[in-house]
Amino acid sequence: FHQHDGLQTDVNIKSTDARVYLHFSSFHPRHTFPSVVYSQCTRYHRIISCPIKLLRRFAELKLCFTRSGYPAKMIDGIMEDVLSRKRSLTSPVPPQEDKTPFPVMWVQTFDAATPQLKKLVKDDNRSLQSSPAWKGTDKIIGIVNRRPQNLGDLILQRKRSALNGGSISGTFPCTKINEKGKRKIGRPCASCNLMSSMQVIHSSSSGVKYPIPSADCKSRNIIYVATYQLCSKQYTGQSSNQLRT
């Protein structure tokens, strides 16, 4: 709290913070790197209230990005753009137009549009604009980018699958029965006879009920329970391998 200027805010940087950002030589889409710089500069601009301290923090931030291989010219341009904007905690949302940007959209996956694709779309637009149906249309075919699945999407997808276990819960043999119900499909497995079709496990020590997701002898990363038939005691273990033998 300043005596004359009132309450002032600053970015808190821990002493253990290495301040290492995504390296510029990384194999990410090229638009990712300006976005990293822009997001950090915007964060500083919104939090830091003193203009002099903001410039000092920007100089420190520029040094960190330079160490990660970012071009100084790109960093300076982004910082100037951020400083020219209003210091606001909420970014204004422009009104959305209820129409597609182009009559035909070319969906590009995994990366931004390549020069070869841009040339192809440009030639196709020129050919279509010469036809009577599309005469007077500025751009007929436009390129849009679809984000591929990242690591977080794959982890969440596996997690949902493990928690939900599909529509049928319980454990089942890995050797399936054909439609006639007479012959097993696949190589016999010694663990199939140990599988239980129960949908809930009752703990012999605590009495707690645990639901069983859908799994078979081929499932990995499992928690298994073995119940002794003589004393009804249970042994619980875990394994990243398959039970199939």
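The model is predicted: local features need pLDDT of at least 70, side-chain atom pairs count only at pLDDT 80 or more, and totals for chains, interfaces and linings use all residues. Residues are numbered from 1 along each chain as its sequence is written, and side-chain values use heavy atoms, with hydrogens and water left out. The chain comes to 5 helices and 10 strands; helices (H or I, at least four residues) and strands (E, at least two) are DSSP runs, numbered from the N terminus.

**Chain totals**

- Of the 245 residues in the chain, 20% are buried (buried is under 20% relative accessible area, exposed over 50%, partly exposed in between, with a 1.4 Å probe and protein chains only).
- Among the contacts in the chain with a separation of 6 or more, 58% join residues 24 or more positions apart (a contact means heavy atoms within 4.5 Å).

**Helix α1**

- Helix α1 spans residues 32-47, 16 residues in total, and reaches 23 Å from its first C-alpha to its last.
- That reach is close to the 22 Å expected at 1.5 Å a residue, where the expected span is 1.5 Å times one less than the number of residues.
- Buried residues of α1 are Thr32, Phe33, Val36, Val37, Gln40, Cys41, Thr42, Tyr44 and His45.
- An α-helix has 3.6 residues a turn, so residues three or four places apart point the same way.
- The buried residues of α1 pack against α2 (51-67) and α3 (72-83).

**Packing of α1 with α2**

- The axes of α1 and α2 lie 10 Å apart, at an angle of about 160° (axes are lines fitted to C-alpha atoms, for helices over the stretch in contact, and angles run from 0 to 180 degrees between N-to-C directions).
- α1 and α2 are therefore roughly antiparallel to each other (under 35 degrees counts as roughly parallel, over 145 as roughly antiparallel, 65 to 115 as roughly perpendicular and the rest as oblique).
- From α1, Val36, Val37, Gln40, Cys41, Tyr44 and His45 meet Leu54, Arg57, Phe58, Leu61 and Phe65 of α2.

**Packing of α1 with α3**

- The axes of α1 and α3 cross at roughly 40° and come within 9 Å, which makes α1 oblique to α3.
- The crossing of α1 and α3 is right-handed.
- Residues of α1 that meet α3 include Pro34, Val37, Tyr38 and Cys41, and their partners in α3 include Met74, Ile75 and Ile78.

**Nonpolar core**

- The largest nonpolar core has 18 residues (a set of buried Ala, Val, Leu, Ile, Met, Phe, Trp, Tyr and Cys residues joined through side-chain atoms within 4.5 Å).
- α1, α2 and α3 are the elements that give two or more residues to this core.
- Val37, Cys41, Tyr44, Phe58, Leu61, Phe65 and Tyr70 have the most contacts inside the core.
- Leaving out residues up to four places away in sequence, Phe65 touches Tyr21, Val36, Val37, Gln40, Tyr70 and Ile75.

- Ser68 is in the loop between α2 and α3, and at 5% relative accessibility Ser68 counts as buried.
- Ser68 touches Tyr21, Leu22, His23 and Phe24, not counting residues up to four places away in sequence.
- Most residues other than glycine have a negative phi.
- Arg19, in the segment before α1, has a positive phi near 55° and counts as buried at 15% relative accessibility.
- Ser232, in the loop between β9 (222-227) and β10 (234-239), has a positive phi of about 65° and counts as partly exposed at 45% relative accessibility.

Note on methods:
Left-handed = near helix turned anticlockwise from the far one by under 90°.
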